[in-house]
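Please read the following walk through one protein chain with the structure open beside the text.

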Amino acid sequence: MKVFRIFGRNIRDSFKSVFRNLSLSMASIMCITITLVVVSLAIILTYNVNNFTKEVEKDVSIVVFLDSSITDEGIDDVSDELDKIANIAGEPIKKTKKQVTEEMMETSQIWKDIMSKWTDEENPLQATFEVKVVDLKYIDEVANQIKEIKGVDTLSYGEGLIKPLISVFAAVKDIGIIIVVALILVTAFLISNTIKITIFSRKREIEIMRLVGASNINIKLPFMFEGLILGMIGSIVPILITCYGYIKLYETSNLTKISPFLILVNPTPFVYIVSLILLAIGMVVGMIGSYGAVKKHLKI
C-alpha cells in the first residue's frame, strides 16, 4: 500500500509540475509531437519499403533455358544438378518444350495458329526450369553455378533491373532506420533540456526535500513521471495522424499502376502497431531524458 501511495503522490506531483511550468511543458510537447510525426513517417516508409522488397523477392526467379537438342534424360540430369545447389528455394519448376508451347498458345490466337502446326522436331522452343532463391543476395552466385551445368544454354532473371531496384530499397530502408534513431536521440535531448530548466527553477524545493530526509528515489520519480507524461501527451497527435493518414493513403493511392511490386501494407493491424510504437517511444524517451537530467544535474 505504501508503494502505491508513493507512486500516486509522485504521479500527482508530476501532473502539477507539467501545468505549473506550462510554457516549458508545451515547448517539450510540441517538440515531441513534431519529432514523433517524422518518426512515424520514417517507420511507415521503412516498413513498406521492406514489404516492397519482399514482393520483389517473391516474384523474381531465374529462368533456365536448356539446349534445344537436350534429351529427356539430359533434362533429368540438369534437375539432379540443380538439387545439389545451395540457396535454392523449393523445387525448381520444370517445363518441357510442349508445356512452353502450350502456354504460349494460350496467350494469343496468332501464336496458336502458328504453333499448332509444329511437330516435335520442328519446335524451336527450349525446355526450361524456373528457379527461386532463398534470398536475392545469392541470385548471382546461384546463377553462376547453374551456368556451369551441362545442358544449360542461357539464363534470364532480369539482373539489369532487379539488383538496382533492390539496392534502392535497401538504401531507403537503411536511411529510414537512421532517421528514426537520430530523431529518438534528438527527442531525448530536448526533453532532458526541458527537465534541466525545471530542475533549476525548483532548486529550493529540492533542497527542502533533501533536508527533510527525502530519499533519492522520491526526488527522482516526479521528474521521471513528468517526462513520461510529456511523452504520452506528445504522442497523441502523431498517433491520430498515423491512423487517419495511413488509412486514407491506403484507400486512395494505387501504386500498383506504377509497379506491381508497390503494394502497401494493410492498415490493420499495422497502424495500431505503429501507434503503440510511437506511444512507447514517447514514454520511454521522456523517462530516459528526465532520468539523464536528474542524474547529471541534481547529483543525487
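Is Val-271 buried or exposed? Val-271 is buried, since its relative accessible area is 2%. Buried means under 20% relative accessible area, exposed means over 50%, and partly exposed lies in between, with a 1.4 Å probe and protein chains only.

The model is predicted, so local features need pLDDT of at least 70 and side-chain atom pairs count only at pLDDT 80 or more, while totals for chains, interfaces and linings use all residues. Residues are numbered from 1 along each chain as its sequence is written, and side-chain values use heavy atoms, with hydrogens and water left out.

Val-271 sits in helix H10, which covers residues 267-297. Helices (H or I, at least four residues) and strands (E, at least two) are DSSP runs, numbered from the N terminus. Apart from neighbours within four places in sequence, Val-271 is in contact with Thr-242, Cys-243, Tyr-246 and Ile-247; contact means heavy atoms within 4.5 Å. The C-alpha atoms of Val-271 and Ile-44 are 8.8 Å apart, although 227 residues separate the two in sequence.

The protein chain as a whole has 10 helices and four strands. Of its 300 residues, 39% are buried. Among contacts between residues at least 6 apart in sequence, 83% join residues at least 24 apart.

Next come the aromatic rings. Rings of Phe, Tyr and Trp (its six-membered ring) pair if their centres lie within 6.5 Å; planes under 30 degrees apart count as stacked, over 60 as edge-to-face and the rest as tilted. The count by this rule is two aromatic pairs. In one of them, the ring centres of Tyr-47 and Phe-270 are 4.9 Å apart and the planes are at 35 degrees, so the pair is tilted. Because Tyr-47 lies in helix H2 and Phe-270 in helix H10, this pair ties together parts that are 223 residues apart in sequence. Phe-270 is buried at 5% relative accessibility, whereas Tyr-47 is partly exposed at 45%. Tyr-47, Tyr-246 and Phe-270 form one aromatic cluster.

Helix H2 also takes part in the surface. Met-26, Met-30, Ile-34, Val-38, Ile-175 and Ile-179 make a nonpolar surface patch of about 520 Å². Four of the patch residues come from H2, which is the largest share. Helix H2 (22-59) and helix H7 (159-201) each supply at least two residues. Val-38, located in helix H2, is partly exposed, with a relative accessible area of 33%. Accessible areas come from the Shrake-Rupley method with a 1.4 Å probe, and for residues only the protein chains shown count as cover.

Conventions:
Patch = residues over 30% accessible without salt bridge, like charges linked within 9 Å, V, L, I, M, F, W, Y side chains within 5 Å. Salt bridge = Lys/Arg side-chain N within 4 Å of Asp/Glu carboxyl O.
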